[in-house]
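Please read the following account with the model open beside it, taking the side-chain contacts in turn.

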Amino acid sequence: MKASSPLAALIDRPTLRRMAGARSFERGEDYFVNGQVKAVTEHEGTITAKVQGTRPYRVKLWIEDRSLEYLCTCPVGADGAFCKHCVAVGLAWLKGSTLRLTSKGGQARLSVKGQSPPAVTMDDVRAYLLAQDKKALVDVLVDHATDDDRLRQRLLMKAAKKTSKGLDLTTYRRLIDDALDWGGFVDYRSAYEYASGIESAIDSVEELLKEGHAAAVVELMEHALKAAEEAMGSVDDSDGYMGGILERLQDLHHKACKKAKPEPEALAKRLFECELRTDYDTFYGAAETYADVLGEKGLAVYRKLAEAEWAKVPPLGPRRDDPEKYGRRFRITHIMETLARQTGDVEAVVAVKKRDLSLAYDYLEIAETYKKAGKGDLSLEWAERGVKAFPNRTDSRLREFLAEGVPPPQTPRRGDGSDLGRIHRIAGS
C-alpha cells in the first residue's frame, strides 16, 4: 500500500467489515490468509485483482464521489453486495500482500508478511508500451484477442465502424448473435459470465448511439431483442440477468428512436407485431412508452392494427375459458387498455375490461376502475354483479371491496332498504 494513494483514506479493516458484514468479512479474511488473492494491482486510483473462489473472480475497487466503489464478478457481487472477495482484495492491498510459508515448532504454516510496493508498476508498463514499435504492439494485441473472446468482440466492433463502406452492421449483428449463442444450455453457475458477454456487446452498440449512429442502433436493438428472446429458453435465469438485459435493450431502443426519429407508421407496425407475439413482455405498453416517437400518425396506425386484432377476440362470460387467455389474448387486451387509458375516457377502459368476465376478479377490476373515477354507484353496481355471477366461488377480494364500500351508519339512504343493508346482504351471501 502506498501512503500517498487516495484509497488510503477510505480502505481500512473497520470499513471493510462495515461494508461486508461480520460473516462476509470473516470469510474474506480466510480467502486472504489462504493465499487466494492473486495479481493485486493499483493504477490511477483503481485496485484490480483476481480471487480464486468456486472459480476465478475479478475484483475492482476504486473511488467515486469520495466513496469506495466496488465490482466483483461473483454472483453475490453481481447483485450489488460488497462480497467476501472484495474484502479479501481490500485486505491484500492493505498489507501490500504476499503470503509466505514459514516454519514454527517444526510445522509449516502460512503467515502474512508485508512488503514494500513493487519496483515495477503499471505506470512503468505504460511508459514501456509507448516506447515500442506500433506494429509490434498490434501483433501482441491481435494475438491476445484470439484467446480472449470479449476483447476480440470489442475489437471487431470497433473495426466494423471504420470499413471502406462505412459502418458494417452485418458484423455487429453477427457478434450480437455470437454473444447470445452459448452453444448449449446456460446453467446457473454460467449465467453471470454469459450475461456479462452480452452486456459487453451492448456496451459496444451503445457507443454507436453516442457517436451519432442512432438509426443503426434502432435496427441492431430490434435484432438483439429477437435473438435474446429466442435464447431465453436455454438459460437458467434464476438471478434475473436476462430480464435485466431485455430491459436494457428496450431502453436503448427507445433512446435511439428518439434520436433517429424513424418513420412513425413503419415503427408502429414493428412495435405492435413485437408486443403481440412476445412471451417476455417485450415492448409491453409500447403505445404509451413510444407516444413521444410515434406521434399522431404512428399511434393511428398502431390503434388500427390493435382494433383489427381486438375484433377477433370473443367475449367471455362467467366460467368461460379461452386457450389464449394468458397468451395472445392477454397481450392484445393490455394493448387495448393502454390505448383506452390514453383517451382519458373511463367508459373506454371499462368497454375493454367487459370483454372478459370469466372470473369474479374481472368484475372487481371494473368496480375499482369506476371507484377510482369517482363513480361510486357504478362501482357498487359492478361489485354486486360479480357476487351474483359467482355466488358460490366469489373472489374474497370482491367481498372485501363491498365491505369497505359500506357508507357510514349514521347516513343510510331511505327507500325500500338502505345501501348498508343491501351491501351486507350481498357481501355475506
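A disulfide is taken here to be a pair of cysteine sulfur atoms within 2.5 Å. The model is a predicted one, in which local features need pLDDT of at least 70 and side-chain atom pairs count only at pLDDT 80 or more, whereas totals for chains, interfaces and linings use all residues. Residues are numbered from 1 along each chain as its sequence is written, and side-chain values rest on heavy atoms, with hydrogens and water left out.

Under the disulfide rule the count comes to zero. The sulfur of Cys-83 has its closest cysteine sulfur in Cys-72, but the separation is 3.6 Å, which is too far for a bond. For Cys-72, in turn, the closest cysteine sulfur belongs to Cys-74, and because that distance is 3.6 Å, this pair is also too far apart for a bond. Burial is judged by relative accessible area, with buried meaning under 20%, exposed over 50% and partly exposed in between, for a 1.4 Å probe and protein chains only. On that scale Cys-72 counts as buried at 1% relative accessibility, and Cys-83 counts as buried at 3%.

Charged side chains come next. A salt bridge is a side-chain nitrogen of Lys or Arg within 4 Å of a carboxyl oxygen of Asp or Glu, and a search of the whole structure finds 22 of them. One of these joins the side chains of Glu-206 and Arg-248, at 2.7 Å from N to O. This pair links distant parts of the chain, since Glu-206 belongs to helix α9 (residues 188-210) and Arg-248 to helix α11 (residues 241-260), 42 residues apart; helices are DSSP runs (H or I, at least four residues) numbered from the N terminus. Glu-206 itself is partly exposed, at 23% relative accessibility.

Helices α10 and α12 can be followed through two further bridges. Glu-222 and Arg-270 meet in a salt bridge at 2.8 Å, N to O; because Glu-222 lies in helix α10 (residues 214-232) and Arg-270 in helix α12 (residues 264-277), the pair ties together parts that are 48 residues apart in sequence. Arg-277 forms a salt bridge with Glu-229, their closest N and O atoms being 2.8 Å apart, and this pair again connects helix α12, which holds Arg-277, with helix α10, which holds Glu-229, across 48 residues. Elsewhere, Lys-158, Lys-161, Glu-207 and Glu-211 are linked in a network of salt bridges.

Aromatic rings complete the picture. Rings of Phe, Tyr and Trp (its six-membered ring) pair if their centres lie within 6.5 Å, with planes under 30 degrees apart called stacked, over 60 edge-to-face and the rest tilted; the whole structure holds seven aromatic pairs. Tyr-192 and Tyr-241 have ring centres 5.6 Å apart and planes at 65°, so their pair is edge-to-face. It links Tyr-192 in helix α9 with Tyr-241 in helix α11, 49 residues apart, and both tyrosines are buried. The rings of Tyr-363 and Trp-382, with centres 5.8 Å apart and planes at 40°, form a tilted pair, and ring pairs link Tyr-363, Trp-382 and Phe-390 into a cluster. A charge sits over a ring if NZ of Lys or CZ of Arg is within 6 Å of the ring centre and within 35 degrees of the ring normal. The charged end of Arg-319 sits in this way over the ring of Phe-390, 4.9 Å from its centre, while Arg-385 lies over the face of Trp-382, at 4.2 Å from the ring centre.

Notes:
Helices (H or I, at least four residues) and strands (E, at least two) are DSSP runs, numbered from the N terminus.
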